[in-house]
Amino acid sequence: MADEIKQEVDTSIDTADTGEKKIDKSDIKKVWWRSQFLLASFNYERMQNMGVAFSLIPAMRKLYHSKDEISAFLKRHLEFFNTHPYCAAPIFGVEMALEENRANGGEVDDAAIQGVKIGMIGPLAGVGDPIFWGTLRPVLGAFAASLALTGNILGPILFFVIWNLIRMLFIWYTLEFGYEQGASITKNLTGGLLQKITLGASILGMFIMGVLIPRWTSIDMSTVVFSKADMGAVGDKFPDAIAMIGQLNGIVNGEPMGLDVFHNGIQSLQGVVDGGFSIVNDPANYADNPYRLMTTTTLQSVLDQLLPGLLPLLLTFLCIWLLKKHVNPIAIIVGLFAVGILGALVGIF
Amino acid sequence: MAFVSVILVLVVAFLAGMESVLDQWQFHQPILNCTMIGIVTGHPLEGVILGGTLQLIALGWMNIGAAMAPDAALAGVASAIFVCMKGMDVQEAVAVAIPMAVAGLALTIFVRTITVGIAHAADAAASRGNVGGVEFCHIGALMIQGLRVAIPAGVIMAIPAEAVQAGLEAIPSWITTGLSTAGGFIVVVGYAMVINMMASGKVWPFFFLGFALASLSELGLVALGIIGVVIALVYVQLSPEFNSGGSAGGGGGAGVDPVDAILNDYE
């Protein structure tokens with residue numbers, strides 16, 4: 001295996017000597033810098049499309065020189081694109097390798113260049129969003145904020161330095177990795193590897209989409225209440241919770257506090273939440289035991305029993321259907337905002 | 001000094017606006033923009049504390065797909081101006097930050113919509129082979145995003161704090177609730193676009209598999225990611241369409257498939 005790689009490197013050096021167009025380190029460096037401006041012109045039609053063309057321009061300058069080639073290159077990289085801004089780097093790496101092959105008269109065609117882009121954006125967004133936005137930034141942000149709250153300037157400084165170090169190194173290494181992998185893919189097109197990767201990427205992408213739709217979409221219909229039922233006094237089922245409320249009143253009156261009462265009380269409250277109950281203070285009707293245990297049946301609780309994530313799924317299918325009918329995505333977005341505002345106006349949100 | 005401060009605050013606001021769309025250097029995060037405004041106005045301590053407070057509120061604000069989080073950039077910049085230049089205290093400024101975040105969200109949605117027009121200008125430049133034109137469109141859109149925070153920051157500095165608060169309170173709550181509710185589910189448009197591009201009869205079952213597994217809250221996203229990769233690898237490995245093609249290629253002897261080679265190592 002190692003010998004094979006060495007051979008490949010040797011042949012690539014040979015071909016470079018015979019005047020093949022080759023992307024070098026300085027081109028990758030320029031793409032690295034430009035890819036940090038990927039999102040500059042985010043728009044609701046093709047999202048990050050201009051950013052892709054903008055980022056890949058240094059590679060284009062190396063590979064293509066005639067006006068027609070440049071125009072065609074810009075057009076095929078102004079197509080729809082949307083992924084996590086840092087995870088776009090490996091895609092750019094692969095795209096540079098594919099374009100290099102194409103510019104040298106290789107087998108890569110426009111469909112392959114598009115297919116790889118589309119196949120990779122879904123899975124990479126599915127990986128990058130939870131890692132960077134969902135985990136790393138909240139963790140680092142919370143750490144830095146806790147320093148900042150004490151007036152320590154190290155909080156913001158550490159946040160800035162650590163985040164940007166991780167980000168820039170991640171983009172650099174994944175960009176190079178993508179380019180190297182892309183270059184080896186283009187050497188093995190006959191084995192159907194490109195099709196395998198595209199299909200594998202689509203499978204992963206569809207799987208992750210299925211996961212993200214119920215997890216990252218928030219539609220809460222619990223304002224729509226069907227029925228409320230009084231399940232008796234809180235103290236009958238959860239005496240510890242009432243004991244804690246008594247203790248809290250005691251603290252207000254200057255009595256000493258008992259930690260175990262709080263411990264049991266909080267566990268008891270957890271039981272209230274887990275059981276799907278809510279607590280209502282109703283001294284007007286129940287003078288003796290004013291804290292009442294309520295079960296509330298809302299549209300959301302009924303839907304959750306049916307199938308969690310049902311509403312996001314249905315809404316996604318509606319969007320898929322509308323997009324297939326060539327409804328403008330902006331119209332769909334404006335429509336959804338209208339639904340949100342009208343829903344809030346009539347009180348269902 | 002006051003004049004220099006105003007200019008520097010506008011620079012910070014411009015940076016925050018650009019970063020609110022780029023999401024790279026993070027100047028839109030309150031911990032950075034509040035601190036910077038604190039420093040350039042000579043109130044670093046207030047700036048840092050306000051930044052930390054707002055950062056904790058904004059921890060979960062993130063743009064996923066086409067979904068839009070509340071705008072941390074305008075929220076941070078505006079409240080820092082209130083605290084560092086108008087003497088408001090931190091708790092009051094935090095209360096102002098939330099409606100500011102919603103106002104900023106509305107502004108960035110507006111900019112992202114008009115950028116569609118800029119994208120068409122870039123198409124025209126591309127068909128003329130005009131590389132500089134495409135670059136100009138791209139960076140021009142970024143400048144507009146910078147201005148959409150810098151201009152409100154200038155207005156807030158110019159008028160009294162009470163007027164700003166009164167203006168924000170005049171926005172009815174059903175508009176702000178509606179915008180933030182829609183912000184929670186507008187993400188599906190982006191998902192639908194990606195699905196439309198990837199979907200074929202063969203891969204739809206994997207979508208429903210992911211959907212069903214997502215309801216198991218014990219499975220984190222990393223675990224689900226591993227499951228997805230394993231399923232994709234196994235499917236590609238076993239799929240008859242590749243195996244017949246693979247044996248034909250293997251008969252040629254020239255191209256040994258690297259993925260096959262890696263997978264064979266595990267056997």
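**Notebook: the sheet in chain A**

I looked up A:Asn281 and found that it stands opposite A:Tyr291 in S3(A). I noted that this is a predicted model, where local features need pLDDT of at least 70, side-chain atom pairs count only at pLDDT 80 or more, and totals for chains, interfaces and linings use all residues. Residues are numbered from 1 along each chain as its sequence is written, chains are lettered from A and ligands numbered from 1 in the order in which they are written, and side-chain values use heavy atoms, with hydrogens and water left out.

Next, the strands. I took helices (H or I, at least four residues) and strands (E, at least two) as DSSP runs, numbered from the N terminus. Two strands pair if DSSP finds at least two bridges between them.

I found S2 (residues 277–281) of chain A paired with S3(A) in the antiparallel sense over 5 bridges. S1 (residues 225–233) of chain A is joined to S3 (residues 291–298) of chain A by 6 bridges, and these two also run antiparallel. Within S3(A), I saw A:Thr296 as the bridge partner of A:Lys228, and A:Thr297 opposite A:Ser227.

Which order do the strands take? I read S1-S3-S2 (chain A), an open sheet of 3 strands with antiparallel pairing. S1 and S2 of chain A are the edge strands, each pairing on one side only. The twist averages 35 degrees from one strand to the next; axes are lines fitted to C-alpha atoms, for helices over the stretch in contact, and angles run from 0 to 180 degrees between N-to-C directions.

Last, I looked up helix H12 (residues 299–306) of chain A, which packs on the sheet and touches S1 and S3 of chain A (contact means heavy atoms within 4.5 Å). The direction of H12 makes about 60 degrees with that of S3(A).
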